[in-house]
Amino acid sequence: MNHPRNWDIRPRAMLIAALPAVTMAIVLIAYFTSTRLSDLEEAHSQRGKALARQLAAISEYGLFAGNLDVLRRQTNAILQEKDVTRVAVFGPAHEALADSSKPNPGSPFNAGPLSFRESVTGTRISLEDAFTEVGPPRILSDSEWETSLDGDHAPSPQPPRTESLGEVLVEISQESLLNEEAKLLRNAFLMAVGVLVASLILALRMSRGIARPILHISATVASISQGDMKARAPLEGGGSLHALAQGVNEMADRLSATQEDLERKVEAATRELLAKKEEAEVANRAKSRFLAAASHDLRQPMHALGLFVAELVQKNHASDTHRLVEQIATSTETMENLLDSLLDISRLDAGVLDREIKPFPLQRLLERIEVDYLREARLRGQRLRIRPTDHWVESDPLLLERILHNLISNAMRYSPGGTILVACRKRGAMLSVEVRDNGPGIAPEAQQTIFQEFVQLHNPERNRAKGLGLGLAIVRRLTNLLGHPLSLRSRLGKGSVFAVDLPITQAVLVDIQPPPPAHAISRLHVALIDDDELAIAGTASLLESWDCQVTAADTPEAILARFPDPALAPDVLLCDYQLGGRMNGLDVINTLHIHFGRRIPAVILSGDTTPETLAKIQQAGIPLLSKPVRPAKLRALLQRTTQA
């Protein structure tokens with residue numbers, strides 16, 4: 001049941017209006033009813049007493065004379081009175097001289113009759129007593145007579161002697177009394193109910209007059225709060241209620257005007273935003289087309305340049321020429337790293353990067369990382385410390401290695417002359433791999449923005465030696481892909497700690513295959529299809545330096561013409577994705593498979609990094625090498641493809 005303080009205004013108004021009237025009426029009815037009940041009981045008692053006294057008075061002679069017939073007639077006469085159920089006369093010895101009664105029907109209230117007893121007294125004077133008291137008769141003298149008349153010397157008579165002649169009993173039934181009382185109580189109850197009903201009706205009418213305007217105002221406010229600015233409160237009541245309704249309506253008018261003004265402004269701002277959004281989308285599409293074209297156009301010459309440099313490095317040169325070749329190779333590698341970072345972002349955003357989760361010993365991965373970065377750390381004047389671990393973890397070893405590579409590269413880039421520590425900490429069923437540095441640290445407000453693309457806190461001049469700002473963005477995407485929690489703890493001037501949590505697993509037996517020999521692809525017949533002359537020249541020259549036989553062409557028709565006999569098929573197809581004609585690389589490979597009557601191992605080379613292209617190639621199940629292709633990756637992929 002709700003507490004009265006939580007009642008609505010109408011129940012409260014009814015309670016205030018009805019409670020005083022009902023309370024006062026009940027008190028008055030109770031008072032007058034109790035007074036009337038007392039009067040009825042007193043009147044009934046007095047009537048019984050009066051009848052008893054009357055009987056005592058009229059029965060004195062009968063008792064004195066001992067006339068029982070008279071007593072019986074007298075008792076029968078009294079018995080005829082209303083409510084009298086028994087009349088009895090008792091002698092001095094309490095013997096019943098006359099006893100008359102009539103049957104008592106009883107009362108529904110189980111109340112017995114009321115008994116009233118009255119003593120009958122009388123004076124008995126004998127003749128002897130009379131002479132004794134008065135004296136013998138004699139003639140008085142004149143003086144004695146006068147004196148007796150004066151009363152001064154007259155002898156005082158003796159008081160008569162009274163004695164109890166008996167007792168009378170009158171019993172009166174309480175039935176009529178109780179009926180009267182019940183009727184009185186019933187009338188009092190009906191009066192109380194009538195007062196209550198009348199009070200409630202009056203309170204209801206009064207509360208309706210008070211609560212209705214307030215309820216209308218409340219409903220109007222609720223409608224306005226729900227957005228109906230046309231709702232208005234009716235002007236009801238007087239005084240404060242009228243002023244309140246008028247104030248609510250004025251407020252609604254102002255709110256409606258304000259809303260209309262805001263709607264006009266929002267509509268104008270929306271139109272402007274839509275126009276800006278459309279302009280931005282047009283610019284974004286133009287940017288995407290430009291980046292796609294620029295990426296493809298940049299990757300094509302970079303691909304050829306990398307292949308030429310790789311072949312050039314294999315040749316013998318004079319010392320000064322060798323130095324120039326190494327510098328060219330370093331610059332080429334830097335450009336390839338930047339393009340690889342962009343490619344990784346594209347693959348991760350497109351969702352086409354596969355993961356292969358399996359158990360493996362983490363120590364082997366840490367040893368490879370130490371070999372990769374120990375020489376670079378020494379050249380930078382830094383210390384790289386990697387603490388060994390004997391735990392096995394469950395992850396994708398290649399992607400995890402890429403994560404740690406990016407974290408360590410980031411630490412080395414921003415901790416010149418400092419120490420980089422890679423350590424593992426067991427936390428329950430997880431192993432936390434931490435990369436610590438003693439660099440400048442990261443402010444709390446920037447600890448989330450550093451994982452966004454192209455964000456570099458300490459590279460305002462955009463020095464290319466410090467990368468593009470994609471390393472941590474790639475780390476965030478890779479950890480999300482693998483489901484490994486990534487955390488950062490850092491304080492300004494105290495360095496930073498990046499931690500990746502890996503699930504610990506049990507050690508398993510792993511069949512380690514020896515790496516294929518370097519001459520595994522020698523005498524391999526490769527069919528090369530590319531529409532870029534430099535790419536064809538660079539790729540063919542590199543393959544021939546590996547003792548491969550190369551048949552190159554720039555169109556599908558030209559390559560088919562080189563293989564008129566389907567039985568003389570090449571060992572592997574190496575095809576660019578974007579060709580000048582109406583067919584792409586996948587179409588060309590399918591056409592060649594149909595021509596040769598079987599599936600030939602194939603590799604797609606592509607400078608197109610759009611998510612749609614990556615998804616199509618992945619769905620076809622053909623290995624992809626993104627341009628610029630690194631010779632080592634190309635060689636390893638050809639080895640795996642031809643051995644499969």
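Biologist: What span does helix H9 (residues 397-413) reach from its first C-alpha to its last?

Modeller: This is a predicted model, in which local features need pLDDT of at least 70, side-chain atom pairs count only at pLDDT 80 or more, and totals for chains, interfaces and linings use all residues. Residues are numbered from 1 along each chain as its sequence is written, and side-chain values use heavy atoms, with hydrogens and water left out. Helices (H or I, at least four residues) and strands (E, at least two) are DSSP runs, numbered from the N terminus. The expected span of a helix is 1.5 Å times one less than its number of residues. H9 has 17 residues and reaches 24 Å, close to the 24 Å expected.

Biologist: Is H9 mostly covered or mostly uncovered?

Modeller: Buried means under 20% relative accessible area, exposed over 50%, partly exposed in between (1.4 Å probe, protein chains only). In H9, 13 of the 17 residues are buried, so the helix is mostly covered.

Biologist: Which strands does S8 (residues 419-427) pair with?

Modeller: Two strands pair if DSSP finds at least two bridges between them. S8 pairs with S6 (residues 383-386) in the parallel sense over four bridges, and Arg 385 has Leu 421 of S8 as its bridge partner. With S9 (residues 430-437), S8 runs antiparallel, joined by eight bridges. There Arg 425 stands opposite Ser 432. Two residues lie between the strands of this hairpin, where Gly 428 takes a positive phi near 70°.

Biologist: Where is Val 603 found, and what does it touch?

Modeller: Val 603 is found in strand S15 (residues 602-606) and is buried, with a relative accessible area of 0%. Contact means heavy atoms within 4.5 Å. Not counting residues up to four places away in sequence, Val 603 touches several residues, among them Leu 573, Cys 575, Ile 622 and Thr 641.
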